[in-house]
Every structure is written in C-alpha cells, then in structure tokens.
Amino acid sequence: MAASQAHPDHVLFQGEKPFPILPAVDHYAGSEKLMKKALSVQHELGPVFDITCDCEDGAHAGAEAEHARMAAGIVMSEDNRFGRVGARIHDITHPHWEQDVDILVGLAGSRLAFLTIPKVRSAADAARQIECIRSAEERHGVEREIPVHVLIETHGALRDAWDIAALDRVESLDFGLMDFVSGHHGAIPGSAMRSPGQFEHPLVIRAKCDIAAAALANGVVPSHNVTTELKDIDYIRRDAERARKDFGYLRMWSIHPNQVVPIIEAMRPDFTEVEEAASILIAAQDKHWGPIQHAGKLHDRASYRYYWELLKRARATGMTVPDEAAQRFF
C-alpha cells in the first residue's frame, strides 16, 4: 500500500491498539420474546446498537441453565445478522456463574460479541471471571478472545476501577447506578437513581467521573447507566446528552426499544464536525500523513487521531459519512 493511501488505523496507532468503537447503545433483554423483539428492531435500524441477552436478571431461579442455552441460541440464530449480540452472566457469588460461562462459550463462543460480568467486588473478581472465560474458550476450541464488559456497581469495583480497566480483554466499563445507590444504605437518596439527581449528587458524580476517567485512560469504552424513563423521548435524549457531553460517556444502556433511537441521536457527533473530520483526513492521507493546514489551522497526527475516532463513531451511530471518506477509509 502506498504511503499516501495508507489507512489511518495503520498509520495513527503504530505500537498501540486503536480505541474500540462500539455501538452507542447497549440494549438489555431478559426474555426470549424481548430478545427477538430487540433483534427485529436491530434489523430495521442496522448494527447501531448492541443487544445483551440477560442471564442474570432474566433467568428464573432453578432455570439458569435453560435460560443460558436459550440465550446462546439467540446469539447463534440467523436473526443475529450483524454479530452484535452479547450476554450478561450471573455475578461471582452466584452458584451458577461458571455454568453460564461454560454454556455460553460452548454453544455460542464463535459469535458472542461480548460477555458482561456484574457486581464484581474487586479487580481480583474480574480477573478470576476473565480467566474462567479464557479456560472455557480453550476447553471448547473457541479460536478467538471474547471481549469482556465489566459492571462497576460496588464500592470495591469503584475503588479498583483503574485496575479493572487495565485487565486484558476488558472492552467496556459499565456504571450500574441502581445497585451503586442501593449499596450506600440510604446515605444517597432514591432520587439519585433518576434525573436530575443522578447528575447532581456528589457521590454519584464522583463515581461517574472516576469510571469514565479510568476507562478512557486505559483504552476502554465508558458505558452509562439506564434512564428509568420509558416514554418521554425528550427526557431520554436529555439524559443521554448529559452522559455524553458532561461526563464523557460514549455508550449507554437501554431497557426499552423506545430508548434506543434518542440515545443514539444524543451520542452522535455533530454533523459539521463529521464533515470537517472527513476533509482533514482526506487531505492528510494525500500528504502522506504529514502536517497540513486546514481552514487556517495546523493539523498533525495528534489531531488526526481525534478526527479518525470521531469519524468511526459517526459511522457506528448510523450517520452518513461523506462519500469520498467512506470509499477511502471504510
């Protein structure tokens, strides 16, 4: 490949991994009916949101294995057209968490987009569960490393957030607001589980900032908690906008199909900045990735990295990328 035509991933991230570009929404579904409904919405919108088959809150007591096998079937089904379906296992204190891993990896390891591990109490907990996933891959002959998303919702996990984000395979740190507030034994009021309290209470603000900072510093995507509003689209959009603009979150959970589109819209880059990014990267590629002037401003590889990641996020949220940039880079 000629230097002038070198792809930005090859030029701008030499010696380090590119930052993961994930869909802006992680949509949770607990039952088979809701999982299939989510897949039908994904067929309409495209791979602009992920689906998590929930084996923690979705499974009835005594039916954990059956539920995990059902979730694995969803992952492996023809309806999973885009390969963006993952699963959440039980927490490390639950007697069936290892069974979850064995079933999901054994039956769906080739296509699982990720596995989410909840309620870890420390980096040691997360490392133990990640090792269990690795062992299951080896045991079942899965020739890929399944990414891991870690829920930060306990005091110990928040304390170890930087160490957890640095663990091998961790792709996302997810904030579990409800359990985090509940873990404060009434010291944080219930109003902090929803807006505006979730963006105003100092202890919740601290947690959100610490998680986002730990994730971003370690090349991991910070994922924001759900909004409890299911019908008011403007309310949902405002929550997502605050998560993105005020706290640096690049992804957010959804628990109802009504939430998917407003979250995606709030997480998208500004259209004018997308056009600017395309123009700068095209000019940079034509100049062999050396410094350029654009609209009277100097740009070099430091700003190219910013604009390349912005362009990838735009595409991941379903935005239209200018034709020439799409042809060159995607």
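How do the residues of the lining of the largest cavity divide into nonpolar, polar and charged? The lining has 10 nonpolar residues, one polar and two charged; here Ala, Val, Leu, Ile, Met, Phe, Trp, Tyr, Cys and Pro count as nonpolar, Asp, Glu, Lys and Arg as charged, and the others, Gly among them, as polar.

The model is predicted, so that local features need pLDDT of at least 70 and side-chain atom pairs count only at pLDDT 80 or more, while totals for chains, interfaces and linings use all residues. Residues are numbered from 1 along each chain as its sequence is written, and side-chain values use heavy atoms, with hydrogens and water left out.

**Stop 1: the cavity**

Select I21, L22, A24, L250 and R313. Of the 13 residues that line the largest cavity, these lie nearest its centre. The cavity holds about 110 Å³ of space, and the structure has one cavity of 30 Å³ or more. On a 1 Å grid over the protein atoms alone, a cavity is a set of points where a 1.4 Å probe fits but cannot get out, whereas a pocket is an open set with protein on both sides within 12 Å along at least five of seven lines; lining residues have an atom within 4 Å of a point. Grid points are joined across faces, edges and corners, and a volume is the space filled by probe spheres set on the points.

**Stop 2: the largest pocket**

Helices (H or I, at least four residues) and strands (E, at least two) are DSSP runs, numbered from the N terminus. By class, the lining of the largest pocket has nine nonpolar, five polar and seven charged residues.

**Stop 3: the loop between α8 and α9**

Move to the loop between α8 (177-182) and α9 (202-217), where P196 is placed. The peptide bond from S195 to P196 is cis, with omega near 5°. H185 is also in the loop between α8 and α9. Although H185 is not a glycine, its phi is positive, about 55°. Most residues other than glycine have a negative phi, and most peptide bonds are trans.

**Stop 4: the second largest pocket**

Now select R244, K245, R268, P269 and D270. About 210 Å³ of space lies in the second largest pocket, and of its 13 lining residues these are the closest to the centre. Helices α10 (233-247), α11 (257-267) and α13 (301-316) are the elements that give two or more residues to this lining. The lining has eight charged residues, five nonpolar and no polar.

**Stop 5: α10 against α11**

Display α10 and α11 together. Their axes lie 8 Å apart and the helices pack at an angle of about 40°; axes are lines fitted to C-alpha atoms, for helices over the stretch in contact, and angles run from 0 to 180 degrees between N-to-C directions. That angle makes α10 oblique to α11 (under 35 degrees counts as roughly parallel, over 145 as roughly antiparallel, 65 to 115 as roughly perpendicular and the rest as oblique). In the contact (heavy atoms within 4.5 Å), α10 contributes I233, I236, R237, A240, E241, A243 and R244, and α11 contributes N258, Q259, P262, I263, E265, A266 and M267. These residues divide into eight nonpolar, two polar and four charged.

**Stop 6: α12 against α13**

Which angle do α12 and α13 make where they pack? Helix α12 (residues 271-286) and α13 pack at about 125°, with their axes 9 Å apart, and are therefore oblique to each other. The contact joins E273, V274, E276, A277, A278, I280, L281 and A284 of α12 to Y304, Y306, Y307, W308, L310, L311 and A314 of α13.

**Stop 7: α4 against α5**

Finally, select helix α4 (residues 97-108) and helix α5 (residues 123-140), which pack at an angle of about 40° with axes 9 Å apart. That makes α4 oblique to α5. From α4, the residues W97, E98, V101, D102, V105 and G106 meet R128, Q129, C132, I133, A136, E137, R139 and H140 in α5. This contact has six nonpolar, three polar and five charged residues.
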